Amino acid sequence: MHRDGKSSNQAASSGLNGRRARQRAFLIAVVPDGGDEQLSELRELLRTAGVAGVGELIQRRDHPHPNTYLGAGKLDELKAEIARSDANLVACDDELSPRQERNLESALGMPVIDRTAIILDIFASHAHTAEGKLQVELAQLEYNLARMRGLWTHLERLGAGRIDGGIGTRGPGETQIETDRRLARDRISALKRRLQHVRSSRSVMRAERERAHLPSVALAGYTNAGKSTLLGALTEANVSVRDRLFHTLDPTTRLLRTGGRDYLLTDTVGFIRKLPHQLVEAFATTLEETRLADLILHVVDASVPEDELLAMTAAVEDVLLEIGADAVPEILVLAKADRIDEERRTELQRRHPDAMLVSAMTGEGIETLAQRIEEEFARTLQDVELLIPFHEGARLAELHAVAGDLEREETPAGVRVVARLPAPVAARYREFALSRPFA
Ligand SMILES: Nc1nc2c(ncn2[C@@H]2O[C@H](COP(=O)(O)OP(=O)(O)OP(=O)(O)O)[C@@H](O)[C@H]2O)c(=O)[nH]1
Ligand SMILES: [Mg+2]
């Protein structure tokens, strides 16, 4: 599942012409009756991972079969269809239980990968920083550990002696798997320790504490919604953008200066339906940026059909709830406005009257969005009177950036400052308060 840039992506998307993709997947999904889920997202995930989609089969039933995911009849149908295709892999749109995965593999005679494994693989290849890599490895190990557990009970039931082909297949199976599990758990603990270390030692931590006094805005949203591009447009920064899923894994923070005040804008990892819980756990610190923000820009791609837009928005709200960011005020931003026609534009305005329609491409709405951010904070402005001791000079400079205009006077004890600050920012200066608007 490793991609080598453009060529493998092209091979994957064309599938037929040009070089034949090395990995050709047959896509399967179970969709509840009445649900109209498409496999286009799974296809897109596979494309990002360098795998071509060569066919698909959807079964309508309320729940996947506990043993084989698909029902018996559908499984036969799948076998026949696979035989007619040139697939060498089956990709499932849900996370499979270890048992389902094993049963499918033996019934179909080819490797079966699930949605979680694909997303983990994409994350693994897009992780650049030490922290990102550790986070992904942790998530992959947790995923594999669950699989080992399944394998172990399976072997125990069969009374099988060994796992074929794995490393160290010498010893009795049970013992070997116990050993593997212990090794995996040791590695997980080690990874968690290293993550802790990376996080505490990086100077970013200090920078973060210092800058925490500025109003902070997090861009959150579905993967590929246009968050990074929007960050670039808002801050005129050169942010890496690509039409692939989960391009951004590490938070990037830029300064936005508007209306005489500074704001910190943080781009974050994209969300997706059925986001593997291992990833939510492993990326807790990255997601923390969103939870601790004063304001969330929830970015959604305006160019997708309304039902998809709602499904994506709901998936993002679910994750925000899961990470405890549901109480943070939010602005809904409909991105890629250049891609929609007048009719859709009117419909979007009617359906989402509070949303901001923007295009990073044409610059439409960018200025207005900056003003809206400003307004969100301005609504909470309060007068504060502070005494900043002389040795806290950095705080003073910061106050200038946060408050724009302020009144200052040198006193023997330090600099007395009267300023108007947004409530969340004012709270961070509580320790310097001279008078009591700090309720
Ligand atoms: N037409 C158009 N395309 C856009 C616009 N903004 C972003 N795109 C395209 O949409 C794709 C995804 O953009 P990104 O900014 O990388 O999206 P993201 O939300 O950061 O994605 P992840 O980091 O993967 O979660 C890229 O191909 C962009 O060029 C826009 O305003 N108009
Ligand atoms: Mg991005």
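A residue is near a molecule or strand if one of its heavy atoms lies within 4 Å of it. By that criterion, 23 residues surround ligand 1. The model is predicted, so local features need pLDDT of at least 70 and side-chain atom pairs count only at pLDDT 80 or more, while totals for chains, interfaces and linings use all residues. Residues are numbered from 1 along each chain as its sequence is written, chains are lettered from A and ligands numbered from 1 in the order in which they are written, and side-chain values use heavy atoms, with hydrogens and water left out.

**Ligand 1**
- A nitrogen atom of ligand 1 lies 2.7 Å from an N or O atom in the side chain of Asp 338.
- An oxygen atom of ligand 1 is 3.1 Å from an N or O atom in the side chain of Thr 223.
- For Ala 225, a polar backbone atom is 3.1 Å from an oxygen atom of the ligand.

**Helix H5**
- Helices (H or I, at least four residues) and strands (E, at least two) are DSSP runs, numbered from the N terminus.
- Helix H5 covers residues 115–126 and reaches 17 Å from its first C-alpha to its last, close to the 16 Å expected at 1.5 Å a residue; the expected span is 1.5 Å times one less than the number of residues.
- Nine of the 12 residues of H5 are buried (under 20% relative accessible area; exposed is over 50% and partly exposed in between, with a 1.4 Å probe and protein chains only).
- Among these buried residues are Arg 115, Asp 121, Phe 123 and His 126.

**The open sheet**
- Strands of a sheet pair through backbone hydrogen bonds, either parallel or antiparallel.
- Here three strands form an open sheet in the order S11-S13-S12, with antiparallel pairing; two strands pair if DSSP finds at least two bridges between them.
- Strands S11 (381–388) and S12 (406–411) are the edge strands, each pairing on one side only.
- S12 is joined to strand S13 (residues 414–422) by six bridges, and Glu 407 stands opposite Val 418 in S13.

**Glu 376**
- Glu 376 is located in helix H14 (residues 366–378).
- Why does Glu 376 count as buried? Its relative accessibility is 16%.
- The side chains of Glu 376 and Arg 379 make a polar contact (2.7 Å); a polar contact is a pair of N or O atoms within 3.5 Å, where within protein one must be able to donate a hydrogen and the other to accept it, and residues adjacent in sequence count only if both atoms are side-chain atoms.
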